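Please consider the following model and the questions on its strands and surface.

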Amino acid sequence: MLTVRLLLALLAGASATAALAPFHLIWLAPVAPLLLYLILQNASPRQSLLLGWIFGVGFFGAGASWVFVSISEHSATPLPIAILLTSLFVMGLALLYMLQAWVWKRWFSGSWGALSFIGLWILGEWLRSWLFTGFPWLYLGYATLDTPLAVLAPIGGVWLNSLVVAASGILLVELVRDSRWSARGSYLILLVLPWAGLPFLNQQWTEIRGEALSVTLIQADIDQEAKWDPRHRETILAQYEALTLPHSGDDLIIWPETAIPTFFSRAAPQLERLLQKLDDDGTTLISGLPTSTRDPDSRRRLYHNSLAVLSNGSGVYHKQRLVPFGEYVPLEDYLRGTLEFFNLPMSSFSLPQQEQPLLAVNGHKLSAAICYEIAYPELVRAGGQQADIILTVSNDTWFGHSIAPAQHMQIARMRALENQRWIIRGTNNGISGFIDPIGKVTEQAPRYTQATLSGSVQARQGLTPYQQLGSWPVLGLAFLFSVMGLGNRNRGSVSDNAQGFRLSPRR
């Protein structure tokens, strides 16, 4: 019955979350696309719209459930409105899977429809990385970080890993299901080829450059509600100063995203002695803070979520991917003031107006990614090409005790592996840590506590194949797979009112 298939689609979408952090049930990673593929077999194109959308509701409803925490716990939004806004967010994102399912069933489910489904899955993940500013979260490839497939990430990025994961389950089923021996041979080759090549791909694409840097991360665990209250500003800065002073003399100290909860000119008098001490000891301090610039055309003042080198170095980085409703409000003239959620502190940030140089630290170049930006593979790749080390800071307090911080750390690990660079990750309340060039966490601070974490990172030089070529080789392969299934060989064979759920073998 259609009702059974809808329930299966919902559960199939939700199952993908369990394959990722913090659950790590890796074997479920190929199950989600496989189940959707099987559920759509005897559906009409019209039914596929609904089945794909329900799959997406399960996928994003489980995997991005933390959005509710951000809305409900950090604003005065009433519970029913928070539930409604979260539901709209999930249902809107689910439209992407609705479109993917319908397009596949309508035009690409021909004789080689299995390959088309795999290709469209990868193109769908890529589409999510930029459409309407992007939601590059919950990619299947993240589940492969602690598996032999991890060596594929420096070759083709997370999307290559996703392609192999999606293909594994579907091609295995088609080996049994498709009665054409030519097809079985092709599926077997495609299934075995990535695994057979793993021993030859396991290598270091980058090399050590210079001496290691001693780094300390300051995890101050500042309460979100107190952070933007001017009455707590001096206390907050004093906490950072007290945690920092014992580590003066290290090469680099990191304060997290908007650790300084005001413009630097207002904080400078209180921080003057600390910064002089760090300068004297040759220690570089990098902190998140709001900054302002003036638009060269309109002369209007713009505000940015930034990272700045405050001692013994140089450079300022303004965030390039802003979170809708969190850092800017779309349709601001209509929405601002209607709900407390649309009046969150520091929700009027702007994008940088010009190209930004890398941060300079002790003769090394650091590329930066603030919070959500680390989830954008191509953005981090572009910054990492010229950088020795990658720095990302965040304020995951917005996510509360949800699954988001663990997902965020897993995403950062994949960026380290793709670029084979050390990643320094500093946050307000966890997960702070150091990630080596093969995506392993070498040091990690406990969550939800005030802590300092010290370690060393090594500058790297050279480019991985992914850094050189980007996502285009994988996207080209996904496109090739997609067009191979052009033509619906069963079009019209199943009516829009069909109730059965049959998996007859291909002939």
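This is a predicted model: local features need pLDDT of at least 70, side-chain atom pairs count only at pLDDT 80 or more; totals for chains, interfaces and linings use all residues.

Residues are numbered from 1 along each chain as its sequence is written, and side-chain values use heavy atoms, with hydrogens and water left out.

Q: How many residues of strand β8 are buried?
A: Strands are DSSP runs of E with at least two residues, numbered from the N terminus. Buried means under 20% relative accessible area, exposed over 50% and partly exposed in between, with a 1.4 Å probe and protein chains only. Strand β8 spans residues 364-370 and is mostly covered, the buried count being 6 of 7.

Q: Which residue of β8 is the bridge partner of L359?
A: Two strands pair if DSSP finds at least two bridges between them. Strand β7 (residues 359-361) runs antiparallel to β8, with 3 bridges joining them. The partner of L359 in β8 is L366.

Q: Is L480 buried or partly exposed?
A: L480 lies in helix α16, helices being DSSP runs of H or I with at least four residues. Because its relative accessibility is 47%, L480 counts as partly exposed.
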